[in-house]
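User: Could you walk me through the aromatic rings and a helix in this one? I'd like to learn how to read them.

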Amino acid sequence: MGWPSTTLTGRTIAFLVAPYGAEQVELTSPWQAVAESGGTPRLLSTGPGRVQAVRHRAPGDTFAVDLLVAGARPSAFDGLVLPGGVASPDALRLDEAAVAFVRAYCASGRPVAAICHAAWTLIEADAVRGRTLTSWPSLRTDLRNAGAHWVDEEVHVCRAGPGPLVTSRRPADLPVFNDTLVTEFVHAAKRRKG
């Protein structure tokens, strides 16, 4: 914690999850980091209404969807966060609108942050080829087969692509993941402004 309260002022950050199965802490903790640093988090999903988060496999809280991903424009956002959990990324990679949004967003050069199983959505969007990233360990082979270099680190920032890609492995990595994603989103916003 301890981000300057104005670092992301005027910046809108998209959080993309499926209607069911995002790991709650991987949604709420980065969301809080963005809000505390002055940014405006917006929840995108593939369906309207509310999304059902999980705490491991047990149902967690529900959260209101701000915008359907099918109607979202990547240019409207200054950063993209992909929370993990097993079910949400698995559902997103089967949704054409979600995959198209992630593909276009990654190609735009804006920063992306993904944790845990969220790399599945990046794989489906063909956004990991030639990149170095980390994830939940069971995705290691999936990432390598998609052309990525996998590392076992708390957080990894890859700049070998259109925009920075911040990745982490698991909920225990959230403090450093949050700090790093806020820092990368701030730097990217300054570069676009300057």
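**Rings and a helix**

Analyst: Let's start with a group: Phe-77, Phe-101 and Tyr-105 form one aromatic cluster. Bear in mind that this is a predicted model, where local features need pLDDT of at least 70, side-chain atom pairs count only at pLDDT 80 or more, and totals for chains, interfaces and linings use all residues. Residues are numbered from 1 along each chain as its sequence is written, and side-chain values use heavy atoms, with hydrogens and water left out.

User: How many aromatic pairs does the structure hold?

Analyst: Rings of Phe, Tyr and Trp (its six-membered ring) pair if their centres lie within 6.5 Å; planes under 30 degrees apart are stacked, over 60 edge-to-face, the rest tilted. Here there are three aromatic pairs. In one of them, Phe-15 and Trp-31 have ring centres 5.0 Å apart and planes at 50°, so that pair is tilted. It links distant parts of the chain, with Phe-15 in strand E1 (residues 12-16) and Trp-31 in helix H1, 16 residues apart.

User: Is Phe-15 buried or exposed?

Analyst: Buried means under 20% relative accessible area, exposed over 50%, partly exposed in between (1.4 Å probe, protein chains only). Phe-15, at 0%, is buried, while Trp-31 is partly exposed at 27%.

User: Which ring does the charged end of Arg-93 sit over?

Analyst: The rule is NZ of Lys or CZ of Arg within 6 Å of the ring centre and within 35 degrees of the ring normal. Arg-93 sits over Trp-120, 4.3 Å from the ring centre.

Terms used. Helix = DSSP H or I, 4+ residues; strand = E, 2+ residues; numbered from the N terminus.
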